[in-house]
Amino acid sequence: MNEYGVLNSRKRALIALIHSIFFLGVACAGFASVKAGLIHSAPAATSDVILLVIYLIVASILAWLVSLSRSLRERAYFALCTTSATFGLLRTIFGDATFPIAQYMRVFMLSSAVLVGTGIYRSFARPEPEAALPE
């Protein structure tokens, strides 16, 4: 029986790992732009509201995936991703001045998720090429 509930194939584990690496890059690039936060900006920018909705959806889906996970490793992977998205949500709401640790925690959580995701991906045996059939 497969120990993983969601990441139950090498292909799914690879796709999840690629997503984690991509969003780690996005989180690292976030250091270049300072967030004012929705509660500190007088008129809420449309882009910040859209980002808030995206973070709410992503964090909710990732939390749901935590509940679907079977093994501790898979559950830890999705919990790290959920925590990272939640810190992104908090950064969007409160801004960097009020909640400066959020950006660092996003990067730390996603870095940890990449490490755990790599372990999950490597736990699947490589598909062996089919043996050449005798003629």
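In this predicted model, a nonpolar patch lies on the surface and is formed by V49, V53, I57, I61, W64 and L68. Together these residues have about 540 Å² of accessible area.

**Surface patch**
- L68, one of the patch residues, is located in helix α2, which covers residues 46-68.

**Nonpolar core**
- The largest nonpolar core comprises 25 residues, and L7, L62, Y77, F78 and I120 have the most contacts inside it.
- Two or more residues of this core come from each of α1 (10-29), α2, α3 (72-98) and α4 (101-123).
- Helix α4 makes the greatest contribution to this core, with seven residues.
- When residues up to four places away in sequence are not counted, L62 touches F78, C81, T82 and A85.

**Helix α4**
- Helix α4 has 23 residues, which should span 33 Å at 1.5 Å a residue; its end C-alpha atoms are 33 Å apart, so the two values agree.
- The buried residues of α4 are A102, Q103, R106, V107, M109, L110, S112, A113, V114, G117, I120 and Y121.
- These buried residues pack against α1, α2 and α3.

Notes
Residues are numbered from 1 along each chain as its sequence is written. This is a predicted model: local features need pLDDT of at least 70, side-chain atom pairs count only at pLDDT 80 or more; totals for chains, interfaces and linings use all residues. Side-chain values use heavy atoms; hydrogens and water are left out. Patches are made of residues with over 30% relative accessible area and no salt bridge: like charges are joined within 9 Å, nonpolar side chains (Val, Leu, Ile, Met, Phe, Trp, Tyr) within 5 Å. Accessible areas come from the Shrake-Rupley method with a 1.4 Å probe; for residues, only the protein chains shown count as cover. A salt bridge is a side-chain nitrogen of Lys or Arg within 4 Å of a carboxyl oxygen of Asp or Glu. Helices (H or I, at least four residues) and strands (E, at least two) are DSSP runs, numbered from the N terminus. A nonpolar core is a set of buried Ala, Val, Leu, Ile, Met, Phe, Trp, Tyr and Cys residues joined through side-chain atoms within 4.5 Å. Buried means under 20% relative accessible area, exposed over 50%, partly exposed in between (1.4 Å probe, protein chains only). Contact means heavy atoms within 4.5 Å. The expected span of a helix is 1.5 Å times one less than its number of residues.
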